[in-house]
Amino acid sequence: MATSEQRTTFSPWAAVFPLALAQFVASYACTNMNVAINSIAKDIGTDVSGVQTAITLFTLTMAALMIPGSKLTDRWGRKRCFLIGLVVYGAGALIAALAQGIGVLVVGYSLLEGIGSALLIPPIYILVTVMFPDVKSRAKYFGAVSGAAGIGAAAGPLIGGLITTAISWRASFGLQIAIVLAVIYLARRVPDDHPAPTPSRFDVMGTILSAAGLVLIVIGVLESRTFGWLKSRADWKVGDTVLIHEGGVSPVWVFVVAGAVLLAWFFVHIRSDERKGREPLLSTRLFRNHVANLGLTTQLIQWLTLQGTSFVVSVFLQTVRGFSAIETGLALTPSTIGLLVSSAAAGRLAQRRPQRTLIWVGFAGNAAGMGLLLLFARAHSNILAFVPGLLVIGLAIGIMLTASVNVVQSAFPEKDQGEISGLSRSISNLGSSLGTALVGSVLVSTVINKHFAAALVVMMVITLAGLVAALRLPREQIRTPEPA
């Protein structure tokens, strides 16, 4: 915990700005690719599904490695872990910018940028939590960081579209490199109040089980594009051997069940470690906090619907309407404006209103925005028909992002911040992965025009599930517990 002397010797905004900027670039990387799908596919010799897979694997890599990344903050130190993550991320962006095929793009963008994000994101939320122990200040600066996350995701299509049209999609990765270098320079103002990196046992087995379980589940959802959800639409082969014939049970469930088994094994494994007095990868007590569990559920659904809706609209505009990258980015501008407006007010709202209220209002607004898209947006309607729905969605997302993070992080004392930060970010990125994968299974199939509404309906149903979870949060304001 930072001492009172340390707290008076650093400038809050000077310390928070590079953290928020780093969160911005990681979120920007999730959505800027959406508007350049056709350009990327044509340039490197792949198709829409190939680019979708790269986007999904990026967020999936973050989700799978976020928990191990948070544990490394204890071994390496928070600020050091943050800087290492930035270097890995920058290297990945450089490789992606030079990619000539889908394989190299996946290595640079999906894997290295994903690994870098998993290392740099947990320290962001840990540092904000410990730098500002009172709930009002924490809410204010969480608002800045969460707002940067939302703005990065919402502005990604517009900025990416401008850069892709004016220069090339590769220049978008060049922008990421420039931001990473700026953050490394500005990070010297970030205080690292963690005493000293403590050597501790790193749970390799737990890391493998948790990562493999998440990967298999999301890959299963991705496979639904080819094989369908119930009956397999084609033979499922491994090499030349047909394991499931066309008409049999979809192999989607082979991946999903295998992933669920590995995650159950992971839970048994960490319980066993705890009973033996070993340090587990993730403490099971984190799952016994009812408020935090509901907060994590809302985070999962927020990012699932944000990423899913962005992907739906982006692919629809490029494939059905024939929009260019810049036209797609401009069409998505209303959501960016809405998110900018609500994010600017998020800190004040978090201090004045119960977190529960902000979250359920956000979900209700998100569902309303999707309803407006379904009501007015058509294959041949004027582009202005998309404005009301996208604007409302942007406003709604900005309202609830900060509140959900505050609920989860504030439910635990400082000694648990490393673990809960990793779990929280893992859940959020898992939501992003599932959003792209799930929408792709509905949207990217045969005739996209016919599946646009179906994909939005799926997003709306999931949003309503988030609303139910938000309404189950306690009515009283979330307070920060006393540090251990």
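User: Which helix gives the largest share of the lining of the largest pocket?
Analyst: Keep in mind that this is a predicted model. Helices H9 (204–227), H10 (252–275), H11 (290–319) and H16 (417–443) each give two or more residues to that lining. With five residues, the largest share comes from H16.

User: What volume does the largest pocket have?
Analyst: Let's start with what surrounds it. There are 17 lining residues, and those closest to the pocket's centre are Leu 214, Leu 263, Phe 287, Ile 427 and Leu 430. The volume comes to about 420 Å³.

User: How many residues of that lining are nonpolar?
Analyst: Sort the lining residues into groups. No charged residues turn up, and three are polar. That leaves the nonpolar group, which counts 14.

User: What share of the protein's residues is buried?
Analyst: Here, a residue is called buried when its relative accessible area is under 20%. The protein has 484 residues, built into a model with 17 helices and two strands. Buried residues make up 59%.

User: Which element has the lowest mean pLDDT?
Analyst: Across the protein, pLDDT averages 81, and 89% of the residues score at least 70. The stretch 477–484 falls below 50, and residues 1–8 stay under 50 too. Among the elements, helix H8 (residues 169–186) has the highest mean, 93, while the lowest, 44, belongs to helix H1 (residues 4–8).

Conventions: Residues numbered from 1 in each chain as written. Predicted model: local features only at pLDDT ≥ 70, side-chain atom pairs only at ≥ 80, totals over all residues. Heavy atoms only, no water. 1 Å grid on protein atoms, 1.4 Å probe; cavity = no way out; pocket = protein on both sides within 12 Å on 5 of 7 lines; lining within 4 Å. Points joined across faces, edges and corners; volume = space filled by probe spheres on them. Helix = DSSP H or I, 4+ residues; strand = E, 2+ residues; numbered from the N terminus. Nonpolar A, V, L, I, M, F, W, Y, C, P; charged D, E, K, R; others polar. Buried < 20%, exposed > 50% of the residue type's maximum accessible area, 1.4 Å probe, protein only. pLDDT = per-residue confidence, 0-100. Contact = heavy atoms within 4.5 Å.
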